[in-house]
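Here is a short briefing to read beside the model. Have the viewer open and follow along by topic.

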Amino acid sequence: MALGRRNAAGRRAGGTDSDSLLQDGPRQAPGTDPSRSFLEARDLRIHFPTDDGLVKAVDGLSFTLERGKTLGIVGESGSGKSVTSLGILGLHRKAHAKVSGEIWLGGDELISASDEEVRRLRGKRMAMIFQDPLSALHPYYTIGHQIIEAYRVHNKASKKAARAHAIAMLAKVGIPRPDSRVDDYPHQFSGGMRQRAMIAMALSCDPDLLIADEPTTALDVTVQAQILELIQTLQAEFDSAVIMITHDLGVVAEMADDILVMYAGRAVEYGTIGDIFHRPEHPYTWGLLKSMPRLDRDREERLVPIHGTPPSLINRPSGCAFHPRCAFGERNGDLSRTVVPELAEAAPGHWVACHLDPDERRAIRVEQLRLGS
Amino acid sequence: MVVFAIFFLLPRIVGQTPEGMAQRYVGRDSSPEAIEATVKRLHLDDSIPTQYGRFVKAIFFGDDYSLGPQKAHCPAPCLGFSFNNNQPVWNEITRRLPVTASLALGAAVIWLISGVTTGVISALRRGSVFDRSSMSVALAGVSLPIYFTGLVALTVLSYKWGWFPGGGTYVSIVDNPAKWAYALVLPWVTLSFLYAAQYARFTRAGMLETMGEDYVRTARAKGLPERTVVTKHALRAAITPIVTIFGLDLGLLLGGAVLTESTFSLPGLGKLVIDGIRNNDLPVVLGVTTFAALFIVIANLLVDIVYAMLDPKVRT
Amino acid sequence: MTATTPADVTGEEHPGGEGETLLSVSGLRKHFPVVRGLRRKTVAAVKAVDGLDFSVRAGETLGLVGESGCGKTTTGRLLVRLDEPTAGKIVFQGRDITHTKGAALRRMRRDVQMVFQDPFSSLNPRHTVGSIVGAPYRLQNIKTEVGIKRTVQDLLELVGLNPEHYNRYPHEFSGGQRQRIGIARSLALRPKLIIADEPVSALDVSIQAQIINLMEDLQNELGLTYVVIAHDLSVVRHISDRVAVMYLGKIVELADRTDLYERPMHPYTVALLSAVPLADPDQRGKRKRIQLAGDLPSPLDPPPACPFHTRCWKAQEVCTVEEPPLAELSPGHRVACHFPENAPHANPEDPRQRDPSVPSEDGVVPKELRDAEAHQAASQAPAPPAPAAGQTEPGPPPTR
């Protein structure tokens with residue numbers, strides 16, 4: 001495949017080291033081994049020209065992920081998290097979206113690759129599972145057919161072999177009596193079983209990267225626990241990288257190694273799970289943590305909601321997109337209103353995009369909000 | 001039920017009396033005795049339900065019309081005798097069926113392929129020149145009546161330029177397949193234009209809907225080639241309502257493509273029934289209507305079966 | 001069917017409680033018939049709600065939790081009388097409203113209102129906000145002191161909306177704002193009781209907190225009583241005073257908030273709480289997650305006696321034969337179980353009295369003590385030893 005090749009050290013072979021052109025943004029996932037770096041996004045931008053204006057759904061996103069690890073992308077509606085995942089898979093129609101930046105999957109750069117090259121990678125090296133398995137599976141084909149289809153498009157296999165593989169995958173995801181269930185239609189499965197089937201389909205070609213977009217939001221809590229556990233087990237078995245997209249901080253706490261907090265199309269905070277939960281740095285992250293009702297704490301005080309509403313992606317607030325809702329936005333004079341903050345390293349491997357002085361931030365966090373130490 | 005309604009209402013509408021009907025058989029200047037005899041022979045003075053019962057029975061078993069020394073046997077299936085030529089209606093129907101069938105089936109193939117393809121391409125290239133122009137043409141297609149398009153086609157393509165034979169020519173397929181097709185080109189095109197336009201619009205709307213569905217996105221995410229995504233996933237889902245409509249349309253058409261046959265003077269069932277109406281030939285109208293009703297019932301049944309084959313959710 | 005004493009129902013078990021009993025429900029049932037065949041014969045019934053007994057005191061918030069198919073939404077609809085119960089009684093402010101109709105029902109609606117789940121579909125897109133919120137006055141023919149428009153604007157302000165948006169349409173508002181509109185509408189006639197069906201689940205996390213706070217503020221200001229139906233256990237813990245856990249149309253546990261979350265007694269509650277992901281990474285790997293065997297049975301054919309026995313790791317023969325009553329096992333804490341957890345007086349036959357790491361005779365052991373393979377085997381075997389209908393196959397999608 002004639003895409004940009006990288007040698008073992010992760011640098012582009014031949015010519016200058018293009019890394020030096022990018023001054024900001026994390027080059028390595030927090031606390032990870034660069035030689036295992038498997039997925040890397042650099043300055044990803046996905047813009048949609050519409051009649052009402054340019055929707056900047058993702059506006060300068062960078063992160064890395066290595067095999068066997070899980071990146072949790074946290075954000076609310078309009079944060080750009082789903083758009084990002086579709087962008088990695090190359091599922092945005094060229095006619096509708098302007099995609100720029102770089103996405104490196106192993107040694108291949110995806111954005112500059114042709115449609116056909118990316119298509120061959122889809123399903124085989126990177127796969128996705130979606131939020132609602134009932135609408136994401138074709139209603140007129142059996143589960144077996146859909147899994148076999150995914151398998152045979154990437155592997156030369158006879159129908160018989162493919163069917164045997166499909167049955168094995170269904171067994172692996174914990175569906176009882178897979179040899180008969182393989183001929184059932186999606187509507188004949190319960191919600192949890194359907195999601196398992198979708199996972200089986202996504203993993204049928206043994207992809208290196210699995211993107212799970214809100215995989216459990218539509219499920220009951222006991223089923224959700226089973227599905228999350230299943231994803232973890234399979235990840236360990238296949239040594240895949242997983243991106244878990246969710247708005248639920250509980251899910252992310254259970255599953256992720258690193259967390260990327262997105263707001264209005266940009267990363268506002270990026271760090272390990274310990275960083276984010278115990279030493280959060282960005283006011284938006286504080287807001288999320290303080291406004292969440294907790295299962296493990298009795299109702300002591302009022303929730304502290306984040307004032308205001310999520311921003312329009314067409315008319316993004318100037319400067320820091322979060323500033324209209326930030327309780328501390330005024331502390332830097334006009335800075336938050338006029339200048340877009342870039343990601344800066346607050347601690348090794350822990351990046352924040354905020355204009356607040358780091359010491360001041362820490363003081364607010366610890367004394368005022370009592371979030372961590 | 002429909003047949004019964006026609007049986008009951010049509011003569012009343014037309015203002016026929018039993019005597020009047022009998023007179024149609026016997027001739028204009030016949031004696032009252034002859035008329036009376038005919039009325040008796042054809043059981044025209046029986047009550048309506050009785051006549052209806054006879055009619056139904058005749059379909060299965062045939063009937064005898066005794067006429068004193070004259071006996072006329074109408075073999076099963078018996079739909080009566082035509083007023084005009086005293087022939088069993090059934091024979092007339094069977095003679096004309098191949099014409100209608102040729103017209104309907106040929107047009108069906110054409111409109112299905114052209115309509116669906118146009119619809120799919122329009123949906124995929126939404127907003128393009130192709131899309132906008134094809135939809136404008138489709139709008140014309142559904143708005144223009146067949147007798148208009150047919151006559152225009154005849155005038156320009158047949159009389160003026162002489163590319164195709166004019167109306168009234170029909171050659172059976174067994175006699176000369178080439179000529180058969182050639183003679184039917186204009187009627188086919190005229191008839192399909194209307195239906196293709198409809199189907200193009202349906203398909204386009206259906207495709208636009210299915211292409212936006214989650215399962216299409218999943219299909220792409222699996223790495224399937226775009227063509228497979230469009231045909232096996234999007235089109236497959238969008239086609240179900242179209243197939244059912246197709247079955248019904250075809251069923252109706254087989255009962256007589258009235259307008260097209262009239263315009264092109266094709267000796268089919270449609271023309272037969274139109275002529276029958278014009279001539280107040282009650283048995284013919286009755287017979288063809290019954291026959292057409294049969295086709296519609298069969299079409300409905302087949303459509304239900306096909307729908308269950310296509311949509312697994314219906315089967316449970 | 002359930003052996004609760006009348007005292008339980010009328011709330012006299014809480015002498016000196018916050019207020020008098022506003023709403024009490026006994027033996028509430030709602031069965032939806034399934035008709036088949038040409039002659040429309042009723043062949044089966046979906047037992048959506050199958051015998052509820054509880055009461056709600058004035059000024060408190062009762063949380064109703066459960067997973068899909070447990071009947072909580074149907075219960076909410078019964079309480080507002082959007083549906084009529086098949087059996088049982090609903091008593092509101094001392095009046096039996098179980099079967100009220102017509103004008104009496106309309107009068108009752110002034111006092112009992114509902115807030116719906118989906119702020120996007122529960123508002124008529126063709127009506128302005130002003131007409132939506134003002135509709136109750138017109139429908140009930142109530143004359144307000146300062147005119148309907150003024151009253152509506154006051155209401156909009158009360159829920160945190162700009163009164164000048166009186167003439168705007170729902171699509172011009174965000175999800176959170178639309179939910180506020182729904183709340184404003186429900187408050188129009190100053191009801192005493194509000195049933196909130198999943199009031200925040202369709203909203204973004206940052207907006208959820210706003211709406212939760214709004215509801216709490218309104219409760220304090222207007223003296224409202226809430227029944228909040230939700231599946232999010234964290235939200236319920238925050239907002240409720242007492243919580244009822246439902247399973248297959250029955251209440252399996254009903255307790256004060258702290259009691260329920262810290263000392264859950266019913267095995268289903270224990271499993272449910274263990275399944276919720278905690279926003280605390282330090283807890284990872286430390287929590288014992290209990291996995292339930294099998295799938296949720298269909299409400300068309302719920303298991304006999306205790307509905308949970310097909311999935312319970314403690315199920316014994318008695319559980320398949322005798323339905324456990326919703327009994328008060330500790331003050332203010334009612335459980336329907338023969339072998340409750342954390343109970344002050346444990347049942348001597350409780351299999352957990354033995355070393356919990358040893359599998360019980362029936363071979364069903366909690367997940368945390370099994371490895372993955374053994375779990376696979378167990379979920380394919382019938383759970384209880386008795387020949388009851390233990391479904392281990394995935395059933396049809398559970399209905400709400």
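In which hand does H7(B) pass H8(B)? The crossing of H7(B) with H8(B) is right-handed, where right-handed means that the near helix is turned clockwise from the far one by less than a right angle, and left-handed that it is turned anticlockwise. Please keep in mind that this is a predicted model, in which local features need pLDDT of at least 70, side-chain atom pairs count only at pLDDT 80 or more, and totals for chains, interfaces and linings use all residues. Residues are numbered from 1 along each chain as its sequence is written, while chains are lettered from A and ligands numbered from 1 in the order in which they are written.

**The helix pair in chain B**

- Helix H7 (residues 146–160) and helix H8 (residues 177–211) of chain B have axes that come within 9 Å and cross at roughly 145°; helices (H or I, at least four residues) and strands (E, at least two) are DSSP runs, numbered from the N terminus.
- Axes here are lines fitted to C-alpha atoms, for helices over the stretch in contact, with angles from 0 to 180 degrees between N-to-C directions.
- Among the residues making the contact are Ala153(B) and Leu157(B) of H7(B), and Val189(B) and Phe193(B) of H8(B); contact requires C-beta atoms, placed from the backbone, to lie within 7 Å.
- By class, this contact has nine nonpolar, four polar and no charged residues (Ala, Val, Leu, Ile, Met, Phe, Trp, Tyr, Cys and Pro count as nonpolar, Asp, Glu, Lys and Arg as charged, and the others, Gly among them, as polar).

**Where chains A and C meet**

- Chain A gives 40 residues to the contact and chain C gives 40 residues.
- On the chain A side, the elements giving two or more residues include helix H7 (191–202) and helix H8 (221–238) of chain A.
- That side of chain A has 18 nonpolar, 13 polar and nine charged residues.

**The sheet in chain A**

- Eight strands form an open sheet with mixed pairing, in the order S6-S7-S8-S3-S9-S10-S12-S11; strands pair if DSSP finds at least two bridges between them.
- Strand S6 (126–129) and strand S11 (344–347) of chain A each have a single partner strand, so one side of each is left without a neighbour in the sheet.
- S6(A) pairs with strand S7 (residues 209–213) of chain A in the parallel sense over four bridges, and Ile129(A) stands opposite Ala212(A).

**The sheet in chain C**

- Four strands make an open antiparallel sheet in the order S2-S1-S4-S5.
- Helix H2 (residues 72–79) of chain C lies across S1, S2 and S4 of chain C, at about 70° to S2(C).

Note on methods: Two residues are in contact if their C-beta atoms, placed from the backbone, lie within 7 Å.
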